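Trainee: I have a new structure to read and would like to learn how to go about it.
Mentor: Then let us look first and take the features in turn.

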Amino acid sequence: MKAKDWQRERKAERRRLRTMPYREYLKTEEWQVTRRWVLLRFENKCADCGDEARLQIHHLTYEFRGNELAKHLDTLIALCPACHGRRHNLPVSARANIR
Ligand SMILES: [Zn+2]
Ligand SMILES: [Zn+2]
């Protein structure tokens, strides 16, 4: 494949990742790999309190979805459910499914 074609394909893939429903995005290989990198970066510890249980990935911005792994890994942080809820200002009962 020519470099130009590869670039075009990668661009189309990024657009697809960016525009698919968020729920779908979380199932992609791209997100699974991204997620693992973020956990590695934070040594499997919550960025706010250091807890190591049931970590979730929090987006500081959704602007770079689909391109986070390549260039914007610093927009993602690992948080425990309690700290994650705090960042979203949600009551405890609503914290199960937040990103
Ligand atoms: Zn925490
Ligand atoms: Zn979040």
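Mentor: A residue is buried if 20 or more other C-beta atoms lie within 10 Å of its own, exposed if 12 or fewer, and partly exposed in between, with C-beta atoms placed from the backbone. Helices (H or I, at least four residues) and strands (E, at least two) are DSSP runs, numbered from the N terminus. This is a predicted model, in which local features need pLDDT of at least 70, side-chain atom pairs count only at pLDDT 80 or more, and totals for chains, interfaces and linings use all residues. Residues are numbered from 1 along each chain as its sequence is written, and chains are lettered from A and ligands numbered from 1 in the order in which they are written.

Trainee: Which elements does the protein have, and in what pattern?
Mentor: The protein has 5 helices and 2 strands, in the order α-α-α-β-α-β-α. Of its 99 residues, 17% are buried.

Trainee: How many bridges join β1 to β2?
Mentor: Two strands pair if DSSP finds at least two bridges between them. Here β1 and β2 run antiparallel and are joined by 4 bridges. One of the partners is L76 in β2, bridged to H59.

Trainee: What span should helix α1 have?
Mentor: The expected span of a helix is 1.5 Å times one less than its number of residues. For the 17 residues of α1 (residues 3-19) that gives 24 Å, and the end C-alpha atoms are 24 Å apart, which agrees. The number of buried residues in α1 is 0, so this helix lies largely in the open.

Trainee: Is E43 buried or exposed?
Mentor: E43 is exposed, because 9 other C-beta atoms lie within 10 Å. E43 sits in the loop between α3 (29-41) and β1 (56-59), and has a positive phi of about 50° just after α3. E43 and A78 are 35 residues apart in sequence but 9.1 Å apart in space, C-alpha to C-alpha.

Trainee: What does L60 touch?
Mentor: Two residues are in contact if their C-beta atoms, placed from the backbone, lie within 7 Å. Leaving out residues up to four places away in sequence, L60 touches T75 and I77. L60 lies in the loop between β1 and α4 (68-71) and counts as exposed because it has 12 C-beta neighbours inside 10 Å.
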